[in-house]
Amino acid sequence: MRILILGGTSEASELVKLLADESFFQATLSLAGRTRQPQIPAGISHRIGGFGGVAGLVQWLRAQQIAVLVDATHPFARVMPFHAAEAAAICGIPMLALRRPAWQAGPGDDWQEYDDHAGIIAALGAGPRRIFLTVGRLEVPAYATAPQHFYLVRSIDPVVPQPLPEAIWLTERGPFDLDHELGLLRQHCIDAVVSKNSGGFATEAKLLAARKLNLPVLLLRRPPKPVAPVATNAAEALDWLRALHG
Ligand code: NAP
């Protein structure tokens, strides 16, 4: 059974690794090509770059005789999940969404969620703050409208050009542990953490560190997704695929 996995997440990489041990499945991992040095598991069939909209994806699925589509794109991918659902429907093939659960506030957390960066920026207020900003390289420029703050910006690839006047630019790839995150927040006297509600373990420690230091966390709410069967991790996705195979 040929499977296309739309990736860009650790869950997608985990699923292709699990499928590599299953002789019945032949999986191809697809990446958009945003990260300069993507982590592709060794020996895994993959392709990089957009398909050219729904029509291009339909053409690719048919040409490659794909029998199942797995949308394992990031929780903040806004377009691809809808393209995937539409293309799967046109091709008459099933689609599974592999979506990690959102982070949930626990006792002692001071979290607020916002629909967009403008809402977060308004909530940060007019006075200067010291912000740990982990919203992804491409969304950092939105914060140029609030240049009064100091930002500690972390991204996987460098932000170029650097759009914030008062900032330190870190390039780091998770997973991060609590000591690492506590060290950063203390060293830079951070007073608020701004992030997407991406969920997952790899980047969760910053939230635990914020809780420990009683810092507010301003989170971007997840965008809507198409209706589809959902697995929350790679093992569940494998079970779903095995059940489909029967
Ligand atoms: P998006 O808005 O949903 O997609 C924009 C376009 O990128 C799509 O229309 C498609 O181009 C192409 N694309 C997206 N995912 C693809 C994939 N897995 N394989 C091939 N083409 C893909 O997505 P995005 O927010 O720009 O994110 C791009 C990629 O980065 C995604 O794969 C996502 O998993 C990953 N990522 C995103 C975020 C985030 O915060 N948005 C964070 C971490 C990782 P065509 O229309 O030409 O097919």
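Contact is taken here to mean heavy atoms within 4.5 Å, and helices (H or I, at least four residues) and strands (E, at least two) are DSSP runs numbered from the N terminus. The structure is a predicted model, in which local features need pLDDT of at least 70 and side-chain atom pairs count only at pLDDT 80 or more, while totals for chains, interfaces and linings use all residues. Residues are numbered from 1 along each chain as its sequence is written, and side-chain values use heavy atoms, with hydrogens and water left out.

Burial is described by relative accessible area, with buried meaning under 20%, exposed over 50% and partly exposed in between (1.4 Å probe, protein chains only). In helix α1, which spans residues 10-20, the buried residues are E11, A12, S13, L15, V16 and L19. These buried residues of α1 pack against the strands β1 (2-6), β2 (26-31), β4 (68-71) and β5, and also against helix α7 (234-245). In helix α2, the buried residues are V54, G56, L57, V58, W60 and L61, and their cover includes β1, β2, β3 (46-48) and β4 together with helix α3.

The packing of α2 (residues 53-63) on α3 (residues 80-91) was described by an angle of about 50° and an axis separation of 9 Å, where axes are lines fitted to C-alpha atoms, for helices over the stretch in contact, and angles run from 0 to 180 degrees between N-to-C directions. The two helices α2 and α3 are therefore oblique to each other, given that angles under 35 degrees count as roughly parallel, over 145 as roughly antiparallel, 65 to 115 as roughly perpendicular and the rest as oblique. The crossing of α2 and α3 is right-handed, a crossing being left-handed if the near helix is turned anticlockwise from the far one by less than a right angle, and right-handed if clockwise. On the α2 side the contact is made by G53, V54, L57, V58, L61 and R62, and on the α3 side by M80, H83, A84, E86, A87, I90 and C91. By class, this contact of α2 with α3 comprises nine nonpolar, two polar and two charged residues, where Ala, Val, Leu, Ile, Met, Phe, Trp, Tyr, Cys and Pro count as nonpolar, Asp, Glu, Lys and Arg as charged, and the others, Gly among them, as polar.

Helix α5 contributes L178, E181, L182 and L185 to the contact, whereas α6 contributes A205, K206, L208, A209, A210 and K212. The contact of α5 with α6 contains seven nonpolar and three charged residues, and no polar ones.

Residue D109 is situated in the loop between β5 (95-98) and β6 (110-114) and is buried, because its relative accessible area is 17%. The side chain of D109 reaches the backbone nitrogen of G106 at 2.6 Å, and with the side chain of R211 it makes a polar contact at 2.9 Å. A polar contact is defined as a pair of N or O atoms within 3.5 Å; within protein, one must be able to donate a hydrogen and the other to accept it, and residues adjacent in sequence count only if both atoms are side-chain atoms. When residues up to four places away in sequence are not counted, D109 touches L207 and R211.

Backbone geometry was then examined in the loops. Most residues other than glycine have a negative phi, and most peptide bonds are trans. A cis peptide bond joins V160 and P161, with omega about -5°, and P161 lies in the loop between β8 and β9 (167-171). The bond from G174 to P175 is also cis, with omega near 5°, and P175 is placed in the loop between β9 and α5. C189, although not a glycine, has a positive phi of about 50°; this residue lies in the loop between α5 and β10 (192-196) and is exposed at 52% relative accessibility. N214, likewise not a glycine, has a positive phi of about 55°, is found in the loop between α6 and β11 (216-220) and is exposed, with a relative accessible area of 66%. Just after α2, Q65 takes a positive phi of about 55°.
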